[in-house]
Amino acid sequence: MRVAILASGNGTNFEALTKQFQVGEIPGNEALMFCNHPNAQVIKRAERLGVPHETFSVKECGGKDTYEERLLKVLQDYQIDFIVLSGYLRMVGPKILNEYPNSIINLHPALLPNYPGLNSIERAFDDYKKGKIKETGVTVHFIDVHLDHGPIIAQQVVPIYPDDTVDTLEARVHETEHKLFPATLKKVLSQRMEKEEKQK
């Protein structure tokens, strides 16, 4: 099972996953890290951790369709079987979705269906301050054509405390992500590989 991780930014979750792959805690082969921002910190992490990586932007491809086609070609060249979105701040288009049915999972820093899209932690914190909610959380889910939507695989609640700031809440959300995401990915890939083994 050859796995690609798609990321856009700092890459703390990418690093947490990679360390688990490298000690054999998550099954499969982490064959590629792709980033759509050529100057993102995650690229430095990939270099340091020895993970093969590719990077290009929508802008340099001249548009979304060409970008998706080029990305699909990269995934095929690396013989990728399964895709993990780890802070990948783009919608995955139909070209890639159709090639990887039920084989792309995403991590989202909220309890979906609440707070899809960007700035989920800040929006949850604002609602807490208004007395609307008492907690937020983290979701791992299969993706579909809609934003932050698709079958939920795992969720974990993150409490919000009276003395929290956005920064302390964000740190607690990330801490939860770094535990839930590797554990969930391990379970999903183990089941997938077991099923494939039985079908041989």
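Val3 has Glu30 as its bridge partner in strand 2; strands here are DSSP E runs of at least two residues and helices are H or I runs of at least four, numbered from the N terminus. The model is predicted, so to speak of local features takes pLDDT of at least 70 and side-chain atom pairs count only at pLDDT 80 or more, while totals for chains, interfaces and linings use all residues. Residues are numbered from 1 along each chain as its sequence is written, and side-chain values use heavy atoms, with hydrogens and water left out.

Strand 1 (residues 2-7) runs parallel to strand 2, with six bridges between them; pairing takes at least two DSSP bridges. To get from strand 1 to strand 2, the chain passes through helix 1 (residues 12-22) in a right-handed β-α-β crossover, meaning clockwise from first strand over helix to second, with the strands pointing away from the viewer.

Strand 2 (residues 29-35) has six of its seven residues buried, so the rest of the structure largely encloses it. Buried is under 20% relative accessible area, exposed over 50% and partly exposed in between, using a 1.4 Å probe and protein chains only.

On to strand 3 (residues 53-55): three bridges join it in parallel to strand 2, and Phe34 has Glu54 as its partner there. Helix 2 (residues 41-49) carries the chain across from strand 2 to strand 3, again as a right-handed β-α-β crossover.

Now the whole sheet: it is open, with seven strands in the order 3-2-1-4-5-6-7 and mixed pairing. Strand 3 and strand 7 (152-159) sit at the edges with a single partner strand each, so one side of each has no neighbour in the sheet.
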